[in-house]
Amino acid sequence: MVDYKNYKVWQKSHLLVLEIYKTTRDFPSSEKFNMVSQMNRAALSIPTNIVEGCGRETQKEFVRFLHISSGSAFELEYLILVSTE
């Protein structure tokens, strides 16, 4: 098992989660169960999948979870774009 805390990508994604949570607190209450929820879940999914991948048995499984994490990052990028327009 690899210590996920040693990965810079995990460290940065953890900070991103904290920033997204802080930022979405200021969103309108009408978006609480829509945009806010989706953004928080997408952001949290990035480091969570890295952690889960680190706990897997093989390198192939680890890489699969990194791909899932990357997909969540793209999803979050789009949600940020929508929320700013």
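Biologist: Before we start, which ground rules apply to the numbering and the values?
Modeller: Residues are numbered from 1 along each chain as its sequence is written, and side-chain values use heavy atoms, with hydrogens and water left out. As this is a predicted model, local features need pLDDT of at least 70 and side-chain atom pairs count only at pLDDT 80 or more, while totals for chains, interfaces and linings use all residues.

Biologist: What is the mean pLDDT of the protein?
Modeller: pLDDT is the predictor's confidence in each residue, from 0 to 100. In the protein, 99% of residues reach 70 or more, and the mean pLDDT is 95.

Biologist: How many helices and strands does the protein have?
Modeller: Elements here are DSSP runs numbered from the N terminus, with helices being H or I of at least four residues and strands E of at least two. From the N terminus on, the order is α-α-α. That makes three helices and zero strands.

Biologist: What share of the 85 residues counts as buried?
Modeller: Buried means under 20% relative accessible area, exposed means over 50%, and partly exposed lies in between, with a 1.4 Å probe and protein chains only. The C-alpha atoms fill a box of roughly 45 × 20 × 20 Å along the principal axes. Of the 85 residues, the buried share is 28%.

Biologist: Is S72 buried or exposed?
Modeller: S72 sits in helix α3, residues 59-84. Leaving aside neighbours within four places in sequence, S72 is in contact with A42, S45 and I46. Because its relative accessible area is 7%, S72 is buried.

Biologist: And S13, which residues is it in contact with?
Modeller: S13 lies in helix α1. With a relative accessible area of 5%, S13 is buried. Leaving aside neighbours within four places in sequence, S13 is in contact with I46, P47 and I50.

Biologist: How far apart in space are G53 and R64, C-alpha to C-alpha?
Modeller: G53 is found in helix α2 and counts as buried at 2% relative accessibility. Setting aside neighbours within four places in sequence, G53 is in contact with F62 and F65. In sequence G53 and R64 are 11 residues apart, and in space, C-alpha to C-alpha, 7.5 Å.

Biologist: How many salt bridges does a search of the whole structure find?
Modeller: Side chains of opposite charge can pair when their charged atoms come close. The cut-off is a side-chain nitrogen of Lys or Arg within 4 Å of a carboxyl oxygen of Asp or Glu. One of them joins E19 and K22 at 3.7 Å, N to O. The search finds three.

Biologist: Why are E19 and K22 separated by about one helical turn?
Modeller: E19 is partly exposed at 40% relative accessibility, and K22 is partly exposed at 44%. The two are separated by about one turn because they are three residues apart in helix α1.

Biologist: Which residues are linked in a network of salt bridges?
Modeller: R56 and E52 meet at 2.6 Å, N to O, and E61 forms a salt bridge with R56, with the closest N and O atoms 4.0 Å apart. R56 is partly exposed at 32% relative accessible area, as are E52 at 33% and E61 at 26%. The network links E52, R56 and E61.

Notes
Contact = heavy atoms within 4.5 Å.
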